[in-house]
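Here is a short briefing on one protein model. Read it alongside the sequence and the coordinates.

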Amino acid sequence: MRGIKYLLIITVLLIALAFVLTNFVFTQSDEEEAEVTDTADTTTSVTTEYDPWEDENIDNAWAMFLVNKNNPLPADYDSMIDTEVVFESWREYELDVRAADYLKRMVADAKEDGIDLLVVSAYRTIEYQQQNFDNSVKDRMDNRGMTYDEAYADTLNEVALPGESEHNAGLALDIMCEEYQSMDDDGFENTDAFKWLDEHAYEYGFILRYPKDKYAVTGIIYEPWHYRFVGEYFAEEIKKSGLCLEEYYQSMGWLDENGKAIKMRGPYEEIEREKEKEAETSVTVETEPKKTMPSIPYSEQQVTIIV
Ligand SMILES: [Zn+2]
């Protein structure tokens, strides 16, 4: 019995040795090849071969795209997506229909845990964002004696340009709770609602989009209330990594040196594909998706953080 055991161990060791040796030989030749390629291609980019949009194990890869100063949405994005009411308080809040059920499930599950989440902002049309921006510029010119250029620059500090806010994509939400609804500071992080979100949001595909100490990267202050849908797979990956979305993109080699997403598949291609499918299956006249202009919630009138 003992003899067989030793024989087995020796066999395993021999196989392992053979494996290591073969690998060593292959690695050597790989490295040589790599050197040749490196010298041949001096304009190497950081793109990786891995393509999440082709990975069938990843849910909602379409939702994985960047929206920020360097990556604005197309001006006609409002007409490209369908939205759905996901939350009702004194008004209705909408999200992209494809993310809607995740949010509804999250709110319902939180409630079961005794947490009442309160959505205070969700989808905003680009048109609405434009009005908001223009009003802010006008207010500075009328009431603070600024020139147009001054007012424009000053507004940029507080209000995202149309198409540069994730809210315009229908994938972002500002979530607070009854007890705490101020965006003047980050006190919301001390609430049970925040603790619940911090622990569970990723399970529903949402990430805390502007974490603490990431201002230098995101250009946006810490917003414990702002959550962004990226799908369950990426939400978990990003949470585990401790990176913010821009940093995660960088780590995957999906950003160029100007912060522009190299791989920005998703919103456009997915929508185009769906449209093509629809056109193939029916010849009916296209109906304009209904767009409602949301009225400005009280909390947003008070603070003009429009990111
Ligand atoms: Zn927000």
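**Strands, cores and confidence**

In strand β2, Leu95 is the bridge partner of Glu84. This is a predicted model, in which local features need pLDDT of at least 70 and side-chain atom pairs count only at pLDDT 80 or more, while totals for chains, interfaces and linings use all residues. Residues are numbered from 1 along each chain as its sequence is written.

**Overall make-up**

- The protein has eleven helices and six strands. Both are DSSP runs numbered from the N terminus: helices are H or I with at least four residues, strands E with at least two.
- Of the 307 residues, 31% are buried. Buried means that 20 or more other C-beta atoms lie within 10 Å of the residue's own; exposed means 12 or fewer, and partly exposed is in between, with C-beta atoms placed from the backbone.
- Among contacts between residues at least 6 apart in sequence, 70% join residues at least 24 apart. A contact requires C-beta atoms, placed from the backbone, within 7 Å.

**The β1–β2 hairpin**

- Strands β1 (residues 83-88) and β2 (residues 92-96) run antiparallel and are joined by five bridges. Strands pair if DSSP finds at least two bridges between them.
- Three residues lie between β1 and β2 in this hairpin.

- Strand β3 (residues 118-121) runs antiparallel to β4, with three bridges. Here Val119 stands opposite Ile175.
- β6 is also antiparallel to β4, again joined by three bridges. Ala172 stands opposite Arg228 in this pairing.

**Helix α6**

- Which residues of α6 (residues 192-200) are buried? They are Ala193, Phe194 and Leu197.
- These buried residues line one face of the helix, because they fall within an arc of 95° seen down the axis of α6. The arc is that of the directions from the helix axis to the C-beta atoms.
- Lys195 and Glu199 are exposed on the other side of α6.
- The buried residues of α6 pack against β4 (172-176) and β6 (226-229).

**Nonpolar cores**

- The largest nonpolar core has 57 residues, of which Ala201, Phe206, Ile207 and Tyr227 touch the most other members. Helix α3 (residues 97-112) gives the most to this core, with six residues.
- A nonpolar core is a set of buried Ala, Val, Leu, Ile, Met, Phe, Trp, Tyr and Cys residues joined through C-beta atoms within 7 Å.
- Leaving aside residues up to four places away in sequence, Ile207 touches Ala201, Tyr202, Tyr227, Arg228, Val230, Ala235, Ile238, Lys239 and Leu245.
- A second, separate core has five residues, including Val137, Ala151, Val159 and Ala160.

**Glu247**

- Glu247 sits in helix α9 (residues 245-251).
- Is Glu247 buried or partly exposed? Glu247 is partly exposed, because 17 other C-beta atoms lie within 10 Å.
- Val217 and Glu247 are 30 residues apart in sequence, yet 7.6 Å apart in space, C-alpha to C-alpha.

**Confidence**

- The average pLDDT is 80, and 71% of the residues score at least 70. pLDDT is the predictor's confidence in each residue, from 0 to 100.
- Residues 24-47 have pLDDT below 50, and this stretch has three contacts in the model beyond near neighbours in sequence.
- Residues 289-305 also have pLDDT below 50, with 24 contacts in the model beyond near neighbours in sequence.

How values were computed:
Two residues are in contact if their C-beta atoms, placed from the backbone, lie within 7 Å.
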